[in-house]
Amino acid sequence: MTTLLEQDLVNVIYGATIFGGGGGGSVSAGIDLLKLYKKSHPEKIVQLDLVEPSQMSDNAYAAVTAGMGAPKALLGKDFTPYAVNSYEALADMAEKLGKDIRYTCPVEMGGFNTFVPMLISLLKEIPIVDADGAARAVPALDTLLLHVNGLNTSPLAMADQKNNRVTIELADPRDASEAEIIGRNICVAFDMISGLSGWMVTKPQIQTAIGNNTISRAMFVGELLDTYKRTNLYENVYEYIRKNSTIESRGVCMGIISKVKIETIHGFDVGTVIVAGDDGHEYKVIFQNENLVLFKDDKVIMTAPDIISFYDKSNYLPLTNADVAEGQRVDVGVLKVDQRWWLRGERAINEVWKPYFEKVGYSGDIVRY
């Protein structure tokens, strides 16, 4: 067990945004939530316990808590009541089911969604597991590793800031697609923002099915980013990460964002980012919350589930698609996703992502890191 202090949490927020691949919530959303916690609890030291999956109790569960909705809708909102209300709704369900929740766990990587369960850990004084449900950020419940590798989605609990609660118990607890349809409609009814808690998972399930040690890895990358901005801005940050760690990361280009097109459709931010590269090539990313496909001069060079990421050179920030703007000077990079994504084989994972590729106009197959 490791005790994380305030600067550690800040580093996690920055690093998790890199691994979010355009989604998972912005750095500012995570930092703002941390500041609100400090303001509301001035008497408390900011610290929480991080446990490795192997250190979990055999008969205990981790509850996954996250935010659901359009990233732009989350900006400027105090998400604390959404998170707490959905967690408490799930805890009530767990008690009735005889399940002992002792830990929190992120649903995915991202500056916001990785911090949300940390907030629950701070408020409820329970440890967070060094893992997450996707080893990246994903556009929908049926693209989580939690689902892809065979874990139950149901029961789920959703809540808004008023403590309006909805519990979801599926006829087939594995039917993440149905949960996504129900959840998105509830999210729209909650004005595009909802707390979401569920996926009560055990130690062996976490160890075998989802991303492991992802919080500590995000914290390490956050530390690297802090050093980078003070010493090495001339280099593509993703090359800097590769050279200073064992993380498989690659710089694609440095350049200026020349065009951004975003619209919110059914609770998703959908759009295109075009970067005029310093190397004379044009790079295009199409996304649905998360970056899904990367083109170089109209040729696909990589797709999800491997991670496509932006870094703002002027403000020293990894970017989500809620943050991108025309005129920003950026590094574009890619990172290799956790190997647990390929346990079922590439053909099966291609079927997982195909509907989301098609929604943004891409009809091809996965192109791997």
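Predicted model: local features only at pLDDT ≥ 70, side-chain atom pairs only at ≥ 80, totals over all residues.
Residues are numbered from 1 along each chain as its sequence is written, and side-chain values use heavy atoms, with hydrogens and water left out.

Back to K44. Which residue does the side chain of K44 meet in a salt bridge? The partner is E125, at 3.8 Å from N to O. A salt bridge here is a side-chain nitrogen of Lys or Arg within 4 Å of a carboxyl oxygen of Asp or Glu. The pair links distant parts of the chain, 81 residues apart: K44 lies in the loop between α2 and β2 (47–51), and E125 in the loop between α5 (115–124) and β5 (128–129). Those labels come from DSSP runs numbered from the N terminus, with helices being H or I of at least four residues and strands being E of at least two. E125 has a relative accessible area of 63%, so E125 is exposed.

How many salt bridges are there by this rule? The count comes to 16. One of them joins R102 and D100, at 2.6 Å from N to O. R102 is partly exposed at 30%, and D100 is partly exposed at 32%. E235 also forms a salt bridge, with K243, and their closest N and O atoms are 2.6 Å apart. Is E235 buried or exposed? E235 is buried, at 11%, while K243 is exposed, at 53%. There is also a network of salt bridges linking D226, K229 and R230.

Now let's turn to the helices, and to α1 in particular. Two packed helices are described by the angle between their axes and the distance between the axes. Axes are lines fitted to C-alpha atoms, for helices over the stretch in contact, and angles run from 0 to 180 degrees between N-to-C directions.

Helix α1 (residues 6–20) packs with helix α2 (residues 27–40) at about 160 degrees, their axes 9 Å apart. So α1 is roughly antiparallel to α2 (under 35 degrees is roughly parallel, over 145 roughly antiparallel, 65 to 115 roughly perpendicular and the rest oblique). Contact means heavy atoms within 4.5 Å, and here it involves E6, L9, V10, I13, Y14 and T17 of α1 with V27, G30, I31, L34 and K38 of α2. Those residues divide into seven nonpolar, two polar and two charged. For the classes, Ala, Val, Leu, Ile, Met, Phe, Trp, Tyr, Cys and Pro count as nonpolar, Asp, Glu, Lys and Arg as charged, and the others, Gly among them, as polar.

Next, α1 and α5 pack at about 160 degrees, with axes 11 Å apart, which means α1 is roughly antiparallel to α5. From α1, L9, V12 and I13 meet F115, M118 and L122 of α5. This contact has six nonpolar, no polar and no charged residues.

Finally, how do α1 and helix α9 (residues 214–231) cross? Their axes come within 6 Å and cross at roughly 95 degrees, so α1 is roughly perpendicular to α9. Among the residues that meet are N11 and F19 in α1, and M219 and L225 in α9. By class, the contact of α1 with α9 has ten nonpolar, three polar and three charged residues.

How values were computed. Buried < 20%, exposed > 50% of the residue type's maximum accessible area, 1.4 Å probe, protein only.
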